[in-house]
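Colleague: I've got the structure open and I'd like to go through it with you. Can I ask how you decide what to call things?

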Amino acid sequence: MAGECKDDGCPVDFVLKKISGPWTTHILWLLRTHGILRFGELKRLLPDISPKMLTERLKRLEADGLVARDYQPTIPPTVSYSLTKRGVQLKAMLDALGDVAIRWRAEDAGTEDQNRGAAKASRQASSATGSKVPRASSSARSLPSATPK
């Protein structure tokens, strides 16, 4: 039932703990959008993940019952991964989180663009009036220590 929390905590936490961790949601998203994928295909779709981390994430997802590992004893062996029935149940949630992420990225990009535009307008206005507005230096300045030596 929605909104119901028992003595053992909020039910949403149970699911979030299963899908939290580095790369986990990205792996689930890829399996949700691409279907069955071999290890090498997942690695190519996640170029910044190490093979060790990918293996650890897949083992954890398999242990949690969200991902199925299919091993075929061919030469070379064929190993592929897919979502289980339980993993497929996350589809609506992943889609909703994806929609929120896209919306938030657009909002954040708009805010950043507005902030850059306001800063540029402020610099242009101050240079037009002849006043100097100090700009932040890219190198950090060393400030004197507040504690005596």
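Colleague: Which residues does L31 touch, not counting residues up to four places away in sequence?

Modeller: Before I answer, keep in mind that this is a predicted model. L31 touches L37, L42, V67, Y81, S82 and L83. A contact here means heavy atoms within 4.5 Å.

Colleague: What makes L31 stand out in the largest nonpolar core?

Modeller: That core has 19 residues, and L28, L31, L42 and V67 touch the most other members. The elements giving two or more residues to the core are α2, α4 and β3, and the largest share, 4 residues, comes from α2. As a general background, nonpolar side chains tend to be buried together in soluble globular proteins.

Colleague: How does helix α2 lie relative to the strands?

Modeller: Helix α2, residues 24–34, lies across β1, β2 and β3. Its direction is at about 90° to β3.

Colleague: Why is the sheet called open?

Modeller: Look at the order, β1-β3-β2, with antiparallel pairing. β1 (37–38) and β2 are at the edges and each has a single partner strand, so one side of each has no neighbour in the sheet.

Colleague: How do you know that β2 and β3 pair?

Modeller: Two strands pair if there are at least two bridges between them. β2 and β3 (residues 78–83) have 6 bridges, in the antiparallel sense, so they count as a pair. In that part of the sheet, Y71 stands opposite V79 in β3.

Colleague: Why is D64 called buried?

Modeller: Buried means under 20% relative accessible area. D64 has 17%, so D64 counts as buried. You'll find D64 in the loop between α4 (51–63) and β2 (67–72). Leaving out residues up to four places away in sequence, D64 touches K18 and R86.

Colleague: And why is R32 called partly exposed?

Modeller: The relative accessible area of R32 is 25%. R32 lies in helix α2, and beyond its neighbours within four places in sequence R32 is in contact with L83, K91, L94 and D95.

Colleague: What makes you say the charged end of R32 sits over the ring of W29?

Modeller: The charged end of R32 is 5.9 Å from the centre of that ring. The distance limit is 6 Å, and the charge must also be within 35 degrees of the ring normal.

Colleague: How many aromatic pairs does the structure hold?

Modeller: The count is 0. To be a pair, ring centres must lie within 6.5 Å.

Note on methods
Residues are numbered from 1 along each chain as its sequence is written. This is a predicted model: local features need pLDDT of at least 70, side-chain atom pairs count only at pLDDT 80 or more; totals for chains, interfaces and linings use all residues. Side-chain values use heavy atoms; hydrogens and water are left out. Rings of Phe, Tyr and Trp (its six-membered ring) pair if their centres lie within 6.5 Å; planes under 30 degrees apart count as stacked, over 60 as edge-to-face and the rest as tilted. Buried means under 20% relative accessible area, exposed over 50%, partly exposed in between (1.4 Å probe, protein chains only). Axes are lines fitted to C-alpha atoms, for helices over the stretch in contact, and angles run from 0 to 180 degrees between N-to-C directions. A nonpolar core is a set of buried Ala, Val, Leu, Ile, Met, Phe, Trp, Tyr and Cys residues joined through side-chain atoms within 4.5 Å.
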